Amino acid sequence: MKRIFVNEKWCLGCHLCEYNCAFANSGESDMVKALKDVKINPLITIEQKGNVCFAVGCRHCKSPLCVKGCITGALTVQNGIITIDRDKCVGCYTCILSCPYGAIMPSEDGAVQKCELCVKNTCGEPACVAGCPNGAIVFEER
Amino acid sequence: MRYVIIGNSAAAVGCIEGIRKLDKTGSITVISSENYHTYSRPLISYLLCGKTTEQKMKYRPDSFYEDNKVALLAGKKAVRIDKGKKQVVLEDGMEIPYDKLLIATGSDPFIPPIEGIDTVEKKFTFMSLNDAKELEKAISPKSRVLIMGAGLIGLKCAEGIARKVKSITVVDMADRILSSILDLDAASIVQWHIESKGIKFILSDSVVSFSPGKAVLKSGRSVSFDILVVAVGVRPNTKLAIDAGIEVARGIVTDEHCRTSADDIYAAGDCSESIDVVTGERRVLALLPNAYMQGECSP
């Protein structure tokens with residue numbers, strides 16, 4: 001299965017992946033309308049200290065602690081993609097505590113949110129990868 | 001291979017999913033005393049406050065047993081494990097043979113032997129879906145509720161019914177709420193938040209006797225109530241294991257592979273105890289993610 005990988009040496013710390021992610025999951029067709037004056041809450045985030053920076057998102061682990069620990073059964077693995085049923089999630093945050101990478105986060109409506117490789121929006125392929133100007137985020141089989 | 005699981009909650013589901021990763025064809029039988037599709041027990045408070053529904057509470061999809069080729073015996077109680085014949089005997093006399101057995105019987109609420117507690121008419125515990133349904137039937141906007149125990153179960157119960165009753169008083173003998181997980185500073189922050197929702201606490205005190213509609217506390221104070229919820233703690237369900245001669249301390253003793261002292265018998269979840277990797281000591285660590293992972297590692 002193809003997953004998102006990051007090459008931290010190539011990351012410029014431009015944060016474009018965060019904006020592309022927020023736009024892709026906004027349901028809007030116009031980036032300006034989607035993001036103007038909006039505090040974005042993307043599913044991929046740049047971790048940065050000094051000269052080192054890289055993007056962190058869900059790794060779609062083969063043995064996912066978030067899924068095993070989910071108290072509702074809202075997190076499941078569908079064709080290798082760790083998927084959240086936001087209607088079933090009660091926002092207990094057990095998955096946020098369990099994820100070793102900090103790749104699951106709260107959202108505004110109470111349920112948690114996470115990267116689902118853009119399969120639920122209209123992008124087809126992950127928007128963070130498509131929009132990365134320096135090839136620091138890739139979508140490939142390893 | 002014939003796998004038999006006693007219990008139908010997180011550890012059982014972990015075990016079923018663990019088995020099916022390794023063995024697609026062996027038979028799996030689940031014996032469940034509750035007459036329900038597997039559901040998430042921690043969600044009973046969310047059900048009462050309207051954040052979820054009985055359908056959404058299902059821990060796995062409706063097709064779960066079919067998809068995993070599991071025979072579910074719901075509403076059946078296992079009464080005996082016969083290690084020699086390798087079978088589980090049910091209340092109705094039915095015998096279920098096993099090659100590998102998982103005991104995932106969970107825990108039951110502890111009812112302390114307090115004077116007059118048997119005479120309290122509207123007395124509830126808060127562990128199962130049936131408990132939640134019975135409590136919901138009993139409460140009204142006029143109810144004054146007394147909850148014994150300011151632990152996770154007592155407080156989740158309070159959260160679940162807070163908007164549906166007249167008043168809630170929580171009594172706990174510890175000097176702070178959530179004493180097993182919070183220190184004084186942290187507990188006082190959480191207590192302040194809960195009090196702002198109208199829930200009252202009486203701490204460092206405990207009920208010594210009940211008379212109709214009234215609880216008398218150790219301090220001499222008394223609390224009037226219509227409905228009592230007992231949430232002072234739980235006890236692992238170890239009776240089947242003890243009767244079968246399996247080693248039991250606080251919970252059913254298990255090794256790092258969730259094996260019990262008996263061949264081909266495993267235990268997982270709230271009924272079991274194992275080494276806590278943080279402290280190196282044996283303990284019952286009754287948390288849902290642990291139960292799932294213990295169940296999963298059993299096969």
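## A buried partner and an exposed one

In this predicted model, E116(A) counts as buried, because its relative accessibility of 12% is under the 20% limit. Its salt-bridge partner is K120(A), and the closest N and O atoms of the two are 2.9 Å apart.

Over all chains, the count comes to 25 salt bridges. Let's visit two of them in chain B.

The side chains of D99(B) and R2(B) meet in a salt bridge of 3.3 Å, N to O. D99(B) lies in the loop between β6 (95-97) and β7 (100-103), while R2(B) belongs to strand β1 (residues 2-6), so the pair ties together parts of chain B that are 97 residues apart in sequence. D99(B) is partly exposed, with a relative accessible area of 24%, and R2(B) is also classed as partly exposed, at 37%.

Another salt bridge joins K86(B) to D264(B), where the closest N and O atoms are 2.6 Å apart. This pair links distant parts of the chain, 178 residues apart: K86(B) is in the loop between β4 (78-82) and β5 (87-90), and D264(B) is in the loop between β18 (252-253) and β19 (265-267). K86(B) has a relative accessible area of 24%, which makes it partly exposed; D264(B), at 27%, counts as partly exposed too.

## A network with members from A and B

Salt bridges can also be linked into a network, as they are for K68(A), K21(B) and E296(B).

## Space inside

## Out on the surface

L16(A), Y19(A) and M31(A) make a nonpolar surface patch of about 250 Å². L16(A) is found in helix α1 of chain A, and its relative accessible area of 35% makes it partly exposed.

Over in chain B, G50(B) is in the loop between α2 (44-48) and α3 (64-67). G50(B) is exposed, with a relative accessible area of 59%. From G50(B) to E115(B) is 65 residues in sequence and 35 Å in space, C-alpha to C-alpha.

Definitions and conventions
Residues are numbered from 1 along each chain as its sequence is written. Chains are lettered from A and ligands numbered from 1 in the order in which they are written. This is a predicted model: local features need pLDDT of at least 70, side-chain atom pairs count only at pLDDT 80 or more; totals for chains, interfaces and linings use all residues. Side-chain values use heavy atoms; hydrogens and water are left out. Patches are made of residues with over 30% relative accessible area and no salt bridge: like charges are joined within 9 Å, nonpolar side chains (Val, Leu, Ile, Met, Phe, Trp, Tyr) within 5 Å. Accessible areas come from the Shrake-Rupley method with a 1.4 Å probe; for residues, only the protein chains shown count as cover. A salt bridge is a side-chain nitrogen of Lys or Arg within 4 Å of a carboxyl oxygen of Asp or Glu. Helices (H or I, at least four residues) and strands (E, at least two) are DSSP runs, numbered from the N terminus. Buried means under 20% relative accessible area, exposed over 50%, partly exposed in between (1.4 Å probe, protein chains only).
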